[in-house]
Amino acid sequence: MIKAILVNSVFLNSSAKSSLALSSNIYSIETCEATNREDVEKSVVLVTGKVEVTASNGESVRILPNDRFRQSTDKYVVDKVNVEDYVSWKEGRLSFKNTELGGILKQLSRYYNVRIDYDKQQQITCSGKLNLDDTIEQILNTITETAPVVISKENNVYKVTIKKK
């Protein structure tokens, strides 16, 4: 995973599949690679300025503040997002609103470099802020206190299960 906040800089990135040219902007870049090479998502979230992204199909896309460009394989999407949700980690917190728990757990897994398994078919949404200065155990305990989940740990793997109603 590559995750960075760049401020007022020039960044050029080009690969066989996509390219990105940025200047005088504040943005967050994230590349997440799963164990399956087919499951790679690249995204850019823009805080200020404007960015032109060339998708893998050769199409140029301009994004503006609060836009997120996401691409996995040959498909891309541009949508509006709350920038705070993507850059709050640099302030030592994870901020989210109406976010699927699976997405939050994925971010925590990457941030703390731990494995967190959960049922991707059963999802709940959450809103709030987590202090990333806390340990992963403290954060998962906070989640169990505020969401209908049970979290267990076995062989250094956390397992999150949604409580049955």
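## Helix 2 and its buried face

In this predicted model, helix 2 buries Leu-101, Gly-102, Ile-104, Leu-105, Leu-108, Ser-109 and Tyr-112. Looking down the axis of helix 2, you'd find those buried residues within an arc of 160 degrees, so they line one face of the helix. The general rule behind such a pattern is that an α-helix has 3.6 residues a turn, so residues three or four places apart point the same way.

What do the buried residues of helix 2 pack against? Their partners are strand 10 (93–100), strand 11 (115–118), strand 12 (125–131), helix 3 (136–146), strand 13 (149–154) and strand 14 (157–162).

Just past helix 2 comes Asn-113, with a positive phi of about 55 degrees.

## Arg-68 in strand 8

Over in strand 8 (residues 67–72) sits Arg-68. Is Arg-68 buried or exposed? Its relative accessible area is 15%, under the 20% cut-off, so Arg-68 counts as buried.

The side chain of Arg-68 makes a 2.7 Å polar contact with that of Asp-79. Beyond four places in sequence, Arg-68 also touches other residues, including Ser-43, Val-44, Val-78 and Tyr-86.

Mean pLDDT for the chain is 76, with 75% of residues at 70 or more. Among the elements, strand 11 has the highest mean (94) and strand 1 (residues 2–7) the lowest (35). Residues 1–29 have pLDDT below 50, though the model gives this stretch 86 contacts beyond near neighbours in sequence. Where pLDDT is low, the predicted coordinates should not be read in detail.

Methods:
Residues numbered from 1 in each chain as written. Predicted model: local features only at pLDDT ≥ 70, side-chain atom pairs only at ≥ 80, totals over all residues. Heavy atoms only, no water. Buried < 20%, exposed > 50% of the residue type's maximum accessible area, 1.4 Å probe, protein only. Helix = DSSP H or I, 4+ residues; strand = E, 2+ residues; numbered from the N terminus. Arc of directions from axis to C-beta. Contact = heavy atoms within 4.5 Å. pLDDT = per-residue confidence, 0-100. Polar contact = N/O pair within 3.5 Å; in protein donor to acceptor, adjacent residues only side chain to side chain.
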